[in-house]
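Work through the exercises below with the structure in view. Each task is followed by a worked solution.

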Amino acid sequence: MTHTLKRTFVVILLAIFGSTILYNCEPDADSLGEQLFDKDAAAGTEIPYDLIAYNYNNNDSIRSDAARLISGYDQNGAVPTTGVLGAFTENQFGMQKASYVTQLRMPVDNFDFTGPNAKVDSVVLVVRPPANTANNTYFFEQDSIKTNTYEKSDFPVDGENIAVSISKKTYPVRKYGKIGGISKSMKINVEESTTFMDTNNDALTRSNANVTTGELLGSGVFDGNVSSLAITKKSDGSTVFTGNLGFRIKLSNTAFFQTHIIDKKGKPELQDASNFTRYFKGIKLSVEETDRYLFQFSPNDMELIMYYKYDKTDNGTVTRPQTTLKFNLGSANAHLGQYEYNRSGSALSNALATSSSQVGDPKIFVQGMGGPSAVVRIPDETIAALKDLFVKDKIGIIGAKIRFYVDPSSWVNKNSTEDRRFTIVPIKTKTGTILDFSSFSLDTLAGLSLYYYNQKPEYYDFVVTKTLKDIIEGKKEKDDKGDDVLIVNRPFYINTGSFVSSATGSLVGALRTTRAFDMNRVILTGTEKTNPNRVQLRVTYATKK
């Protein structure tokens with residue numbers, strides 16, 4: 001989604017009362033307010049009110065297991081996860097590095113290696129983009145797709161050399177960070193994970209989980225491109241080989257797979273998935289560099305292929321044919337996004353150190369993948385003033401929006417497409433402290449995420465009409481005991497990412513967002529009184545003439 005697309009209203013109003021979830025889309029001038037007046041008699045007035053906005057430190061930690069790395073649900077209730085790899089550094093947010101840990105399984109229990117004297121030839125890991133199709137333009141830089149077709153007269157097929165035609169298509173992935181020149185390539189290491197990914201251990205669902213590693217299995221240099229390959233016979237055009245879109249890493253440590261896999265034939269380690277995932281606990285993908293870029297991939301679509309040969313006797317003749325073992329890296333396995341940060345000397349580090357929830361901060365830093373969030377609060381005196389107008393002047397609120405301007409110093413992803421998306425929810429407080437967002441269930445949140453993007457000047461309008469109207473007009477909601485209580489003024493929690501939807505388009509809950517793998521970041525103007533573009537609540541109301 002580009003900034004141009006964001007000129008339209010971005011949907012998502014999530015209203016939750018008890019066990020009932022209501023979805024509505026609010027226009028800028030909410031019809032809930034307009035219905036109080038005849039159209040010909042309505043006079044609208046927009047008044048700006050100052051807000052308190054401050055940075056909320058998530059301690060660079062977020063739930064990032066498979067349950068949070070989803071962008072939507074299909075008809076069966078699940079979709080492939082989305083992972084992030086890479087790293088880059090800039091002076092506003094500091095250094096961010098994304099690694100990935102996944103389990104893997106044998107294709108079947110007690111795998112039979114076909115014949116005796118099996119020996120590993122090679123092992124390849126294929127990393128695929130989130131949408132394994134050239135028709136999905138979202139994950140690729142379409143202007144740079146290249147096709148290279150050539151012929152080879154001595155391509156080996158079934159023991160003989162034949163003439164083939166080879167077509168290779170190369171797709172640059174969408175990158176977030178530094179692009180081109182020295183930043184084009186980075187080294188991806190594949191290591192053995194030595195930590196059992198126990199999905200019942202909450203500590204292993206977080207992005208800062210301590211996952212230890214063992215042997216280095218192999219490395220590959222990623223140049224920012226994924227490719228597909230098609231090989232056909234020149235004689236009849238039949239297909240010899242098709243390689244789906246991806247980036248192939250040849251794992252050099254074949255001895256590891258010989259001793260850990262083939263030599264365990266018939267042993268308890270390969271007996272079933274439970275034994276295997278405790279024996280070979282998984283693999284970790286990480287980059288060596290700290291200043292390149294981030295890119296997304298699909299863990300469930302990865303392939304780990306072990307090529308091996310074995311003895312085959314035919315009429316007294318022994319041959320060594322090659323076959324494959326494809327490990328299962330799909331949705332049955334535990335996945336975890338691991339994120340590291342170095343904030344030292346960054347503008348964000350200073351902002352968090354001086355943040356004030358009482359008076360607000362001059363700049364607001366919002367970043368995905370466990371980075372900081374924004375909290376914005378309507379002062380109680382503003383609520384009191386609007387209630388007074390409601391009682392005395394019979395005003396009707398027909399629009400309310402929180403306007404955040406983008407700070408000029410915000411880091412901009414100049415060489416690739418920005419994809420800023422946000423979620424906003426009002427949250428409950430306890431003794432003045434923001435509760436951990438993960439502790440909220442659906443029946444404790446009344447949420448909304450409708451916003452409008454303006455390019456010049458650059459700002460976002462978050463529509464909060466219904467929430468403000470409910471407070472001013474004395475509407476009620478159910479509390480935890482099921483009793484009717486007045487809706488109170490709550491702070492709003494703003495994050496990067498978007499709410500996750502089901503196959504039918506309905507939202508699946510306030511906790512299901514893409515924040516855990518959202519690569520975006522932005523600096524917004526805060527509450528500094530001398531800044532004409534400071535964050536404000538802009539209320540449009542009408543009175544009967």
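**Exercise 1.** Give the strand order of the open sheet of 4 strands, and find its edges.

Solution. 
- The model is predicted.
- Read across the sheet: the order is β4-β23-β32-β25.
- The pairing is antiparallel.
- Now look for strands that pair on one side only: these are β4 (52-56) and β25 (422-426), the edge strands.
- Neighbouring strands are turned by 20° against each other on average, direction ignored.

**Exercise 2.** Describe how β25 is joined to β32.

Solution. 
- Locate β32 at residues 492-496.
- Count the bridges to β25: there are 5.
- Note the direction: the two strands run antiparallel.
- Pick out one facing pair. I424 stands opposite I494 in β32.

**Exercise 3.** Decide whether helix α6 is enclosed or open to the outside.

Solution. 
- Find α6 at residues 465-472.
- Apply the cut-off: buried means under 20% relative accessible area.
- Go through the helix. T465, K466, T467, L468, K469, D470, I471 and I472 are buried.
- That is 8 of the 8 residues, so α6 is largely enclosed by the rest of the structure.
- Step past the helix end. G474 follows α6 and has a positive phi, near 75°.

**Exercise 4.** Summarise the protein as a whole: its secondary structure, burial, contacts and surface.

Solution. 
- Count the elements: 6 helices and 34 strands.
- Turn to burial. Of the 545 residues, 51% are buried.
- Take contacts between residues at least 6 apart in sequence: 78% of them join residues at least 24 apart.
- Finish with the accessible surface. It comes to about 24500 Å², and 47% of this belongs to carbon and sulfur atoms.

Notes:
Residues are numbered from 1 along each chain as its sequence is written. This is a predicted model: local features need pLDDT of at least 70, side-chain atom pairs count only at pLDDT 80 or more; totals for chains, interfaces and linings use all residues. Side-chain values use heavy atoms; hydrogens and water are left out. Two strands pair if DSSP finds at least two bridges between them. Axes are lines fitted to C-alpha atoms, for helices over the stretch in contact, and angles run from 0 to 180 degrees between N-to-C directions. Buried means under 20% relative accessible area, exposed over 50%, partly exposed in between (1.4 Å probe, protein chains only). Contact means heavy atoms within 4.5 Å. Accessible areas come from the Shrake-Rupley method with a 1.4 Å probe; for residues, only the protein chains shown count as cover.
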